[in-house]
Amino acid sequence: MIWEEFKLFSYLFMGARYNNNAKELLDKVKDKKYYNLVKKITEMIDNGNKDQLATEFTRCFINDYKHLKCPPYESWYREKTIYGKVVVDLYDIYSKYGIQPMKQLPDHISSEMEFLAYLYYLGKGDEEGKKFITDHLLKWVPQFIDDIEKYHYGEYTKLLAEALRLFIDEIMDEIKKKS
């Protein structure tokens with residue numbers, strides 16, 4: 001794993017307005033299984049109807065009439081609430097590194113990916129990153145992906161799920177190799 005992978009997925013799950021940031025990292029992941037999907041996502045944003053894509057993203061991950069089916073929060077998947085005990089635990093973990101999430105809640109997928117990018121950047125991925133992945137990411141992201149695949153609202157959110165699944169599969173394979 002390289003830190004740019006986690007940073008890339010952090011940007012992807014913050015929405016289309018972070019597309020230029022995601023594109024800047026594409027060269028770093030050319031050899032990854034998810035590369036073509038992510039490249040297609042960035043091209044879709046560049047060449048598509050940005051309002052339509054923003055609406056699709058919002059309906060899938062932020063606000064949908066009556067019931068949001070794919071909330072991007074760990075506490076939702078693990079506790080069926082937003083801002084649950086998981087958030088308190090994450091604040092404790094992040095504070096050890098002087099981190100205070102500003103753009104999203106600490107248990108938002110983009111916050112967790114951003115934190116992992118930081119750990120890998122510091123060279124702490126093999127131990128602390130693996131623990132965080134096992135204790136947090138892998139406990140909820142597979143179900144989150146299943147929900148996106150089931151309830152996506154168009155090609156954009158479907159591709160996000162497919163790319164994320166390939167990335168998570170890669171992470172699980174890497175963890176198995178090192179165990």
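Predicted model: local features only at pLDDT ≥ 70, side-chain atom pairs only at ≥ 80, totals over all residues.
The salt bridges come to 12 in total, and the largest pocket has a volume of about 270 Å³.

**Salt bridges**
- E5 and K32 pair up through their side chains, at 3.7 Å from N to O. E5 sits in helix 1 and K32 in the loop between helix 2 (19-24) and helix 3 (35-47), so this contact ties together parts that are 27 residues apart in sequence.
- E5 is buried, at a relative accessible area of 0%, and a salt-bridge network links E5, K32 and E170.
- R78 and E74 also form a salt bridge, with their closest N and O atoms 2.5 Å apart. Both belong to helix 5 (residues 74-79), where a spacing of four residues puts about one helical turn between them.
- Within that pair, E74 is buried at 0% relative accessible area, while R78 is partly exposed at 37%.
- D27 and K30 meet in a salt bridge at 3.5 Å, N to O. D27 is exposed at 58% relative accessibility, and K30 counts as exposed at 52%.

**Largest pocket**
- The lining takes in 16 residues, with P101, M102, K103, S111 and E114 nearest the centre.
- By type, the lining splits into eight nonpolar, five polar and three charged residues.
- Helix 7 contributes the most to this lining, with five residues; helix 1 (3-12) supplies at least two.

**Surface patch**
- Y118 belongs to helix 7 (residues 109-121) and is partly exposed, with 33% relative accessible area.

Notes:
Residues numbered from 1 in each chain as written. Heavy atoms only, no water. Buried < 20%, exposed > 50% of the residue type's maximum accessible area, 1.4 Å probe, protein only. 1 Å grid on protein atoms, 1.4 Å probe; cavity = no way out; pocket = protein on both sides within 12 Å on 5 of 7 lines; lining within 4 Å. Points joined across faces, edges and corners; volume = space filled by probe spheres on them. Nonpolar A, V, L, I, M, F, W, Y, C, P; charged D, E, K, R; others polar. Salt bridge = Lys/Arg side-chain N within 4 Å of Asp/Glu carboxyl O.
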